[in-house]
Amino acid sequence: MTTGQKSIANAALNSDDDSKSERIRQMFASIVPRYDTINTLMTLGLDRRWRRATVAMTEAAGGVALDIATGTGELALELARAGARLTVGMDFCPEMVVAAHHKLAKSPVAGNIRLGVGDAMALPFPDQTFDCIVNGFMLRNVGDLDATFAELHRVLKPGGRLACLDLTPPRGPLRRAFSLYIASAVPLLGILVGRKYAAYRYLYQSLTIHPDADQVAARMRAAGFAEAGYRLTGFGTVAIHRGRKAG
Ligand SMILES: C[S@@+](CC[C@H](N)C(=O)[O-])C[C@H]1O[C@@H](n2cnc3c(N)ncnc32)[C@H](O)[C@@H]1O
């Protein structure tokens, strides 16, 4: 690991909202080429199933959907496959959006997807634009979680659904084993496959300060989401949060 890489991951966690966002953006830009491969290895291929379960919570068919923090576009693709009439995939890291663009161009559902660069905390859309919104592995990374939920609530139509997939601090007997896995094995994978230690060490660090699933649900409720709840999967290490904008 270079000193520069170390300092990006550490500074990402120890900075104010604006500089945290910039550091996070730089960090994701640095891992684009191997992002999908490491994701699949790290989750033992379960990420596909989790993404499908996330999209299933949104009743996307026929509607206008947003995948915010789209990364390489996997959830945007799932939304389009689920029958969304139009899907917008947006990320604040332009390098990720370019990678998504290349991937999506090969898909038969590409015609129903638009991609763009934008920040979850200040979305370039009018109020009440989307029928549903999803995000994957974003919650731990945003500079201000409450501002993000408020912004997602603003751009949802009344009755619209939000579903958020992310790692969650595990409870119970698996806690220690999972911590060991994510603190040691995942960064090792990052070195072996992507030559990036710091970005994958950051994953563990970000999880240690991430609120637990009950707290995330409470913050969704505070932002105005009705029926805010969650489902745990991945042996309790992954939470899929859902909520609805009151109609
Ligand atoms: C771990 S990746 C997840 C990508 C994708 N959603 C997936 O499921 O694989 C996190 C993504 O969140 C994006 N991100 C983080 N903070 C963001 C923000 N404030 N606004 C938009 N995108 C953000 C990063 O650029 C990165 O692409």
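Select helix H6, residues 94-105, in this predicted model. Helix H6 lies across strand S2 (86-91) and strand S3, and runs at about 165° to S3.

**The sheet**

Next, display the strands together. They form an open sheet of seven strands with mixed pairing, in the order S3-S2-S1-S4-S5-S7-S6. Strands in a sheet pair through backbone hydrogen bonds, in either a parallel or an antiparallel manner. Which strands stand at the edges? Colour strand S3 (113-117) and strand S6 (225-233): each has a single partner strand, so one side of each is left without a neighbour in the sheet. From one strand to the next, the twist averages 15°.

Two of the residue pairs may be picked out here. Phenylalanine 225 has lysine 245 in S7 as its bridge partner, and leucine 232 has alanine 239 in S7. Between the strands of this hairpin there are four residues. Select glycine 234 in the hairpin, which takes a positive phi near 55°.

Centre the view on isoleucine 133. Which residues does isoleucine 133 contact, leaving aside its neighbours within four places in sequence? They are Leu66, Ile68, Leu152, Leu156 and Leu162.

**Around the ligand**

Select the residues that surround the ligand. There are 23 of them, and Ala69, Gly71, Cys93, Ala120 and Gly136 come nearest. By class, this shell has 13 nonpolar, six polar and four charged residues. Helix H2 (17-30) and helix H5 (74-81) each supply at least two residues of the shell. H2 gives the most, with four residues.

**Arginine 25**

Remain on helix H2 and select arginine 25, which is found there. Is arginine 25 buried or partly exposed? Arginine 25 has 19 other C-beta atoms within 10 Å, whereas a buried residue needs 20 or more, so arginine 25 counts as partly exposed. Leaving aside neighbours within four places in sequence, arginine 25 is in contact with Phe92 and Cys93. Cys93 is also one of the residues that come nearest to the ligand. For a view across the model, draw a line between the C-alpha atoms of arginine 25 and valine 193: they are separated by 21 Å, and the two residues are 168 residues apart along the chain.

**Isoleucine 182**

The last stop is helix H8, residues 175-194, where isoleucine 182 lies. Why does isoleucine 182 count as buried? The reason is that isoleucine 182 has 21 C-beta neighbours inside 10 Å, and the cut-off for a buried residue is 20 or more. Not counting residues up to four places away in sequence, isoleucine 182 touches Leu203, Tyr204 and Leu207. Finally, select glutamine 205, which is 23 residues from isoleucine 182 along the chain. The C-alpha atoms of these two residues are separated by 9.4 Å.

Conventions:
Residues are numbered from 1 along each chain as its sequence is written. This is a predicted model: local features need pLDDT of at least 70, side-chain atom pairs count only at pLDDT 80 or more; totals for chains, interfaces and linings use all residues. Two residues are in contact if their C-beta atoms, placed from the backbone, lie within 7 Å. A residue is near a molecule or strand if its C-beta atom, placed from the backbone, lies within 6 Å of it. Ala, Val, Leu, Ile, Met, Phe, Trp, Tyr, Cys and Pro count as nonpolar, Asp, Glu, Lys and Arg as charged, and the others, Gly among them, as polar. Two strands pair if DSSP finds at least two bridges between them. Axes are lines fitted to C-alpha atoms, for helices over the stretch in contact, and angles run from 0 to 180 degrees between N-to-C directions. A residue is buried if 20 or more other C-beta atoms lie within 10 Å of its own, exposed if 12 or fewer, and partly exposed in between; C-beta atoms are placed from the backbone.
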